Each structure stands twice: as structure tokens, then as C-alpha cells.
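I set out below what I looked up in one structure. The entries are grouped by topic.

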Amino acid sequence: MKIEVVRKVLEKNDQAAQQNRRRLDELGITCFNILGGAGSGKTSLLEALLPRLKNKYCVAVLEGDLATTRDAERIAALDVPVVQILTDGGCHLNATLVQQGLSRLELVGLNLLFVENVGNPICPANFDLGEHRRIVVLSVAEGDDKPSKYPLLFKDADLIVISKCDLLEHTRFNLSAALRDIRCVNSQARVIQTDTKTLRGIDELSQWVSAEPLLGKD
Ligand SMILES: Nc1nc2c(ncn2[C@@H]2O[C@H](COP(=O)(O)OP(=O)(O)OP(=O)(O)O)[C@@H](O)[C@H]2O)c(=O)[nH]1
Ligand SMILES: [Mg+2]
């Protein structure tokens, strides 16, 4: 008797993610998946970072949102190629949606691809998109307890950005407690503090992105 198997959602996603990564590898494109809670400052970081990168690299962005093209419009205003992926209510991107986004971009000659995930500290963390590096954004406005309360978000990050550091003096965010709790869930990730008002940390962020391995390749 033939046994029917219903394949788990995550298994299917992992297959599509592997295809994405293979394709990006072949094209020499380094892909960064940016995750974080709603309003943590993901698009603002891209707005600060992209002008620095686009003179040196060919860069594109996939924007993931439930609704509107607002974030894509902000990226397009920088003259950076962008595709808006609308999840129609879905709380995270998946590798198949990213595959569809990739099909709308001119990939030949591209060096860097940023994927801004749907603003959500929970679901996006479970879905590999085929990225090479994960950037997690934690804003001071969200509170220093988030690394402990949402450990899955932080545990696989390669870089954790503590954003909106200009708000430190206006909040009860305890930076040393946040850094300690980050280390409890992730001992390896680089941590960079930013503030997109004064552009604090943006050079450091740009250097981290530029140091990623695929970037040296033709
Ligand atoms: N004070 C301060 N505000 C910031 C900073 N970065 C972003 N913001 C503000 O935070 C709000 C959200 O910023 P976005 O960049 O849209 O955040 P996001 O994570 O892309 O939001 P979603 O895509 O909706 O999840 C906006 O009002 C920004 O102006 C910062 O460094 N300092
Ligand atoms: Mg955004």
C-alpha cells in the first residue's frame, strides 16, 4: 500500500530556501534577512545604510509586508531596485515568496540583497529564506527584556542591531541587561548600537556588511 505523506510546511520551506541559496551563491549575491518587531527601525536602517553601500556594490531590496507598498516606496526613493512582497495577512515571509520576489529583480551583476521581513518578533524566525546572514533589530523602545522573551528571534542572528539608541536617555531600557540577555541566547552574534538620527553605528554596520565572505568574489 502506498503511504501518503503530508510534508511539513517547514520541510517544504527548507527545500525552497536551499534552492534560493544555491541560486544566490551561483550569482555571487550575498543575502541578508532583516528581522525584528513591527516598527523596530528596519527600513530606517536600510535608508541610512543603502546610500553608503550603493556606490560600492550593486544592491537590491525585497520588502515584506502584510499591506501597502510604503516601505518599498522609501527604498525606491533612494534609487535602489526594490520589490514589495505582500503577504496578504501572513505574519512572515517564506522561501517561496522570496523566490517570487527574486523573479522580479535583475539578479545578474547584483552583489547584495537585503530582505526586510514582516515586522514581527515571532513567526519570521522559523523560516529560512535562503539568506546567508540574519540581522535582527531590537529597538530601545521595545524594552530590554525582549532577548529573553523572544529567544528564537535572537538565537540564530549573525548581527543584532540595538536601534534607536538616541532614546536610551528617555526610556528605562537597561543596555547592560539587554547585552547580558543577548549573550545568554546567542554567544556569537556581533552587536551594533545604532541611531538613525545622528547615524551612530551606521559606518560600523556598513563595514560589517562589506566584510561578508561572498562580497570579495567576482
Ligand atoms: N528616535 C528614533 N526613531 C527611529 C529610529 N529609527 C527609526 N525610528 C522611527 O521608528 C519608526 C519605525 O521605523 P521603521 O524604519 O519604519 O520601522 P520598521 O521596523 O521598518 O517598521 P515595519 O516595517 O512596519 O515593521 C518611525 O517612526 C521611525 O522614524 C532611531 O534611530 N531613533
Ligand atoms: Mg519597515
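**Conventions.** I worked with a predicted model, in which local features need pLDDT of at least 70, side-chain atom pairs count only at pLDDT 80 or more, and totals for chains, interfaces and linings use all residues. Residues are numbered from 1 along each chain as its sequence is written, and chains are lettered from A and ligands numbered from 1 in the order in which they are written.

**Ligand 1.** I found 17 residues around ligand 1, the closest being Gly41, Lys42, Thr43, Ser44 and Gly119; a residue counts if its C-beta atom, placed from the backbone, lies within 6 Å. Helix α2 (residues 42-53) gives the largest share of this shell, three residues. Helices (H or I, at least four residues) and strands (E, at least two) are DSSP runs numbered from the N terminus.

**Positive phi.** I noted that Asp88, not a glycine, has a positive phi of about 50 degrees. Asp88 lies in the loop between β3 (82-86) and α4 (95-102). Asp88 is exposed because it has 6 other C-beta atoms within 10 Å; 12 or fewer count as exposed, 20 or more as buried, and values in between as partly exposed, with C-beta atoms placed from the backbone.

**Helix pair.** I looked up α2 and α8: their axes come within 10 Å and cross at roughly 60 degrees. Axes are lines fitted to C-alpha atoms over the stretch in contact, with angles from 0 to 180 degrees between N-to-C directions. The two helices, α2 and α8, are therefore oblique to each other (under 35 degrees is roughly parallel, over 145 roughly antiparallel, 65 to 115 roughly perpendicular, the rest oblique).
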